[in-house]
Amino acid sequence: MSDARKNLVYEKKTVYEKAGEKIVAKAYEYAKGYVNFLDAAKTEREAVCEGVKLAEAAGYRPYTFGDPIKAGDKLYYNNRGKNIFLFRIGTEDINNGIRITAAHIDSPRLDLKQVPLYEDNGMCFLKTHYYGGIRKYQWLAMPLALHGVVVKQDGEVLDVVIGERDEDPVMYITDLLPHLAAAYNEKPLGKAVTGEQLNILVGSRPLADEDKDAVKLGVLQYLYDTYGITEEDFLSAELSIVPAGKARDVGFDRSMISGYGHDDRVCAYPSITAMIDADEKVHTTMCLLVDKEETGSDGVTGMQSSLITDLITEIAKALGGNEATVRANSKCLSSDVTAIYDPTFPDVYEYRNSALLGCGVGMCKFTGSRGKGGTSDASAELVAWVRRCLNEAGVVWQTCELGKIDVGGGGTVAKFMANHNIDTVDLGVGVLSMHAPYELISKVDLYESYRAFKAFYAF
Ligand code: MN
Ligand code: MN
């Protein structure tokens, strides 16, 4: 190999080539903890519960606005059970800024409508309104589970998980048999199944001695006997339909994991575990696990909420800093997933600038679509800083763009952080079949993201 090829060319290499056996073995080991997290945390509420467990086990304690804050404190703020911010106060001047990572813990799914239950021809269904970007046809004819909460009028919160244990029943959306699907098969994929057809079959046995809506009454009777809830209680419920079952290793070499909601728990888990594992004592660090990214980051638990600036203001005040200075000097990794180049659908990707499976954590300088629309576009200075951080730590990473120009695109929470005058760039794990009920990731990419976040907190 010539020196020119060795020294002058940028080439993506896999973690297997660059990092070696020891790191790969560690990646496989680390993936076990991630799979457990994935199985336990299918909704943002469940992810917050898991996050609190991890945080408290590591000595973090709950923070309330106005509490005193001092160097060495390890704190977390649980926002309405749907998002959680961990922060650790360093010894250096708070005006030097905070190292922040921001991942989201909501994933595309089917939410129940507020009046979901109805009977049609002896079958009882639940109406849904899909949450986030889904390809609707992917959700038919597969085992589904119900997760969420019912909040009764008196404020009592009932946690519901049905369809995950072996002995549980599952939910189901019917599909058409091929024998009668000729006309439907002619429809474009995106129009073959509509949102109003994503109805969940939940019963077919009529309540005895009833002739009208007897199956629905049977379901209501079951719900009352089991949970003490009535049909009106659905009005104040947040119930979601997600794929039933556990994440699994994929491939003869077990190098990949399929599971529901890699986007974005595959970044949430490494950012929170890196935060907890980092021995960083100098910089103040923050790990944000937020909700509502898949629907635009709006609302009190989304990244557009004022909570992040409120917290930074509190921290700055408590430590004698200036909040504007703190934000101006902070750096954020928006830790969200990117698309992995899929050789089965090569026409939508631009190979040179796509994330490649197994080539490490992916950095997207910009997201958005159609002429970089809707991106915060990280500065070259910030990219250089992160580049040095990752390279010095020996992290295997790659640069990437979501797909071909004008084919589509997507956003992350990066721009909402950047809008607060916080330098932000996207860094996360690449995913195949993104937003499908079962997505796919590489174990070594997952582990490189953990190593990247750990390096970033301490750099
Ligand atoms: Mn995402
Ligand atoms: Mn997404």
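Is Asp-263 buried or exposed? Asp-263 counts as buried, at 3% relative accessibility (buried means under 20% relative accessible area and exposed over 50%, with partly exposed in between, using a 1.4 Å probe and protein chains only).

## About the model

This is a predicted model: local features need pLDDT of at least 70 and side-chain atom pairs count only at pLDDT 80 or more, while totals for chains, interfaces and linings use all residues. Residues are numbered from 1 along each chain as its sequence is written, chains are lettered from A and ligands numbered from 1 in the order in which they are written, and side-chain values use heavy atoms, leaving out hydrogens and water.

Asp-263 sits in helix 8 (residues 262-277) and Glu-294 in the loop between strand 13 (284-290) and helix 9 (307-318), so the pair ties together parts 31 residues apart in sequence. Helices (H or I, at least four residues) and strands (E, at least two) are DSSP runs, numbered from the N terminus. Glu-294 is buried as well, at 13% relative accessibility.

## The cysteines

How many disulfides does the structure hold? There are 0, a disulfide being a pair of cysteine sulfur atoms within 2.5 Å. The sulfur of Cys-364 has its closest cysteine sulfur in Cys-400, at 3.6 Å, which is too far for a bond. Cys-364 is buried at 8% relative accessible area, and Cys-400 is buried at 5%.
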